[in-house]
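Hello,

Please find the structure below. My notes follow it.

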Amino acid sequence: MQADKQTTDYTDRYNDASKPQMIDFIRRLAHGMRDIAGQVRQDDTMKKRVEKTFSTREVGELLGLGNAYTIRVLNQATSDDDSFPVGRKTVGQSGHTAHYSISEIMMMRAYLQSRTHRKHEYLHWRKPGDPLPVVSFSAQKGGTGKSLSAAHFAQYVAMNYGLRVGILDCDPQATVSLYFADKQTKLFERNRNTVASFMGLDLDQFNAHQIVEKSAEDLNGMWQTTQWPGTRLIPGGANIQDADLALLMLSQKSGGTAPVHAALKDAIARWDAAYGPKTLGSELRKPDGSFDVEKYQEALHETVDVIVIDQQPSFTLVQLNGLVAATNLIVPQTMKGFDLKTLSTYADNVQVYLSEMAIKDRVIGGGNHIVLPTIIQEANEKDVDQIVDIHRRHPGLVSQVWYSRSDAVANAAEEYKSIYEYDPPRSRRPSAKAFIQNANAVNDALAKLVWGGALPSRGHAEKFIAERWV
């Protein structure tokens with residue numbers, strides 16, 4: 001009898017609507033997560049986004065110049081024009097030195113590029129008529145460092161080449177958005193614009209799903225500015241999941257004839273046709289020969305030179321849109337045996353869909369593509385052996401440059417920063433410096449993959465390969 005009573009009580013507990021239910025737990029969880037200490041650090045980071053500064057030597061490395069030449073160029077430019085950035089003066093072991101912000105370095109590039117007689121190219125903006133590269137970071141498995149890889153790539157090409165970057169966050173978790181967001185960025189608001197809006201999905205009228213061709217002006221208004229100069233963001237958010245459902249319903253309603261796979265590609269093309277590049281770096285001078293700061297600021301935001309898409313770690317219709325829109329595909333992937341099985345499943349799934357899409361679209365992904373090994377434990381020979389084996393059996397499938405496992409990633413993540421923005425305390429500088437070198441090698445290789453020889457190599461990838469491959 002006692003056992004029967006306990007069973008009845010146990011059963012009643014799950015059928016009693018008056019008792020707390022899952023929704024109550026979720027509400028408490030959501031409220032509690034807003035109050036945790038980590039939120040304070042995230043808010044602090046968003047107030048102080050992109051505060052890291054760079055020495056004259058580091059500026060030279062970003063510009064692709066030697067230290068002595070950099071000093072001479074900067075001194076001459078400072079004396080020639082009052083608008084040239086002077087940086088922040090500090091006193092170090094070698095005396096007075098200047099440190100410069102990312103925004104100041106971008107303006108330096110534009111100033112130096114605008115000179116009639118220059119020995120180097122400083123600003124690698126698209127020219128009118130140049131195509132727009134769309135680089136998609138996509139994987140079916142979570143935990144591969146996909147979002148961080150996308151953020152690092154975007155920041156690397158902005159820092160080293162002065163590119164204007166558009167970030168399309170197609171992940172409901174909005175992870176890559178957090179690497180660019182500041183206090184002005186509209187994140188996690190239910191009614192704000194995400195890639196769903198950019199694709200033309202009206203999610204407010206759930207029973208009338210259709211793809212609406214938004215005007216180029218409307219599309220342009222969806223981009224949010226960031227503290228990274230020339231970099232704009234369309235953030236991720238929960239309604240991307242609604243977009244997947246909307247695309248599915250639209251496909252079913254049309255009997256499979258609606259181009260639900262190409263909504264993002266079409267929107268990007270429509271926007272770029274109206275807001276492509278117009279201004280050359282050589283045109284940033286006034287009639288009197290002085291640097292035109294106002295025109296520079298306008299040109300900085302007139303277009304983007306590359307779009308970087310961060311996909312969600314699953315295979316959905318929104319992710320399919322990100323693949324179809326891409327000129328280049330980067331697949332971040334850990335290299336354990338079980339993980340590679342997941343990669344195999346992902347490839348099989350994508351192959352089926354893209355084979356069908358290729359019949360309807362002339363070109364899908366006309367650029368170069370690669371699997372990017374991530375979180376590699378170099379002390380564990382199995383990880384490296386997997387990379388070597390794949391490369392030798394199938395050259396060109398897997399990158400010869402990879403992300404190694406590093407504590408520096410977690411250290412930077414504590415402050416909601418990428419390694420390029422992270423300014424570590426003295427005790428953490430060695431690991432941060434080593435990982436920056438690693439990230440530079442990876443992104444140097446990816447830049448070569450996307451642009452070929454159009455962007456000058458910094459030599460980071462070649463050094464990495466020479467040190468690890470025989």
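**Notes on the model**

Lys286 counts as partly exposed because its relative accessibility is 38% (buried is under 20% relative accessible area, exposed over 50%, partly exposed in between, with a 1.4 Å probe and protein chains only). This is a predicted model: local features need pLDDT of at least 70, side-chain atom pairs count only at pLDDT 80 or more, and totals for chains, interfaces and linings use all residues. Residues are numbered from 1 along each chain as its sequence is written, and side-chain values use heavy atoms, with hydrogens and water left out.

Lys286 sits in the loop between helix H12 (263–274) and helix H13 (293–300). Helices (H or I, at least four residues) and strands (E, at least two) are DSSP runs, numbered from the N terminus. Not counting residues up to four places away in sequence, Lys286 touches Phe291 and Asp292 (contact means heavy atoms within 4.5 Å).

Now the sheet. It is open, has 7 strands and mixed pairing, and runs E6-E7-E5-E8-E4-E9-E10. Strands pair if DSSP finds at least two bridges between them. E5 (residues 165–170) and E8 (residues 306–311) are parallel, over 6 bridges. Val165 has Val306 in E8 as its bridge partner.

Next, the cores. A nonpolar core is a set of buried Ala, Val, Leu, Ile, Met, Phe, Trp, Tyr and Cys residues joined through side-chain atoms within 4.5 Å. The largest has 92 residues; Phe153, Val157, Val165, Ile419 and Trp451 have the most contacts inside it. Helix H18 (residues 429–451) gives the largest share of this core, 12 residues. Another core, of 33 residues, lies apart from it and includes Trp223 and Trp271.

Best regards
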